[in-house]
Amino acid sequence: MSTGADRPSANDSTRVVTVVPAYNEGTRVREIVAELLAVVSSVVVVDDGSQDDTSLQALDGGATVLRHVVNRGQGAALQTGFTWALERGADFIVTFDADGQHDVEDIPRLLEALGENRHEVALGSRFLGSAKNISRRRRLLLRAAVLFTRLTSGLPLTDTHNGLRAFRREAASRICLRFDRMAHASELIDQIGRLGLDWVEVPVSIRYTPYSRRKGQGLFAPVRVLTEYVLGRLLG
Amino acid sequence: MNAFQVGGITVAVVLIFLTLLGMRRGRLNRGAAALWSLLWLAMGISIAKPNLTVVLARALGIDRGADLVFYFGIVIMLVGFFAVMARLRTIEDNITLISRHIALSEADSPTEPEEESAPKSTRPIASSNR
């Protein structure tokens, strides 16, 4: 990827921090961190109260590790990572899942979207890119989530629950996630809309492996997410 | 007055006493104590004078006093549920804030400190657009 005056990459002096929320990912996280460090300047793994050696593996892989003493949820872990990255002068913040579904090769594309066109938020979309081995059920659920989010936020997104995103510092500093668990994805979209942030969707690849499917949300997860979202909005 | 009424009024009086005791000991603020006391008082009065619920129900367009008590009970339970959920939400938020504070305070850096590899935020920025 060429480095222009306003295109962030690992090789110029802009600071790109990747936030990786992780829960019981001891078998994968070290590999993920190593892949990421080849592309970005800094990786921070937020260990969300894991019971395995996620923290140790991430640290050995070269990441900075923040550890929640109790499990709080992916939303909480992301916000912790954001706070750390902003305090340390990150110019751009990337969010990346620890289960191996994301492809590090997509990160430069996200950063390019922020740099070249001065967008504030770049959101990965598997439906603009590719989703290898996605089940029909998962596809239907994601489509339903897209419809729901369009109704609540008004944003015409094609993929509303994709953990691969990139933010300019200024945008990240205005976002404040209060939904600790999986409803944070909808809350994030709502805030992007409410704050009037300049967003763009970028085609990315998602690969579903037996491991990631095992780690994925169960049958009643959509009900839990919806309940968390509705109660969260009601309670403010 | 029948046995149920005697028992019910006794319970109401005891609950009022415990509520006021709770307020005195600092476990309840005045507003909450007043509300709970009114609730126990209303309970006692409706047990002592059940016909009053009929009069009140008819004034509100409800046929039976028992229905009024039922609807009132549902409203009270919903209000209580909402208050408990709001309180739980606050507690959960506080737990997250505490966990975050600890995580940020005890951040673990890799064995090669970032300071040794010159964190890029301290390097001169190539672009002058910022």
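Analyst: Buried means under 20% relative accessible area, exposed over 50%, and partly exposed in between (1.4 Å probe, protein chains only). Bear in mind that this is a predicted model, where local features need pLDDT of at least 70, side-chain atom pairs count only at pLDDT 80 or more, and totals for chains, interfaces and linings use all residues. Residues are numbered from 1 along each chain as its sequence is written, chains are lettered from A and ligands numbered from 1 in the order in which they are written, and side-chain values use heavy atoms, leaving out hydrogens and water.

User: How many aromatic pairs does a search of the whole structure find?

Analyst: A pair of aromatic rings is described by the distance of the centres and the angle of the planes. Rings of Phe, Tyr and Trp (its six-membered ring) pair if their centres lie within 6.5 Å; planes under 30 degrees apart are stacked, over 60 edge-to-face, the rest tilted. Over all chains, the search finds 5. In one of them, Phe82(A) and Phe167(A) have ring centres 5.2 Å apart and planes at 70°, so they are edge-to-face. Phe82(A) is buried too, with a relative accessible area of 1%.

User: What about Phe70(B) and Tyr71(B): what are their distance and angle?

Analyst: That pair is tilted, with 6.1 Å centre to centre and 55° between the planes. Phe70(B) is exposed at 52% relative accessibility, while Tyr71(B), at 44%, is partly exposed.

User: Which residues form one aromatic cluster?

Analyst: Phe148(A), Phe179(A) and Tyr229(A) do.
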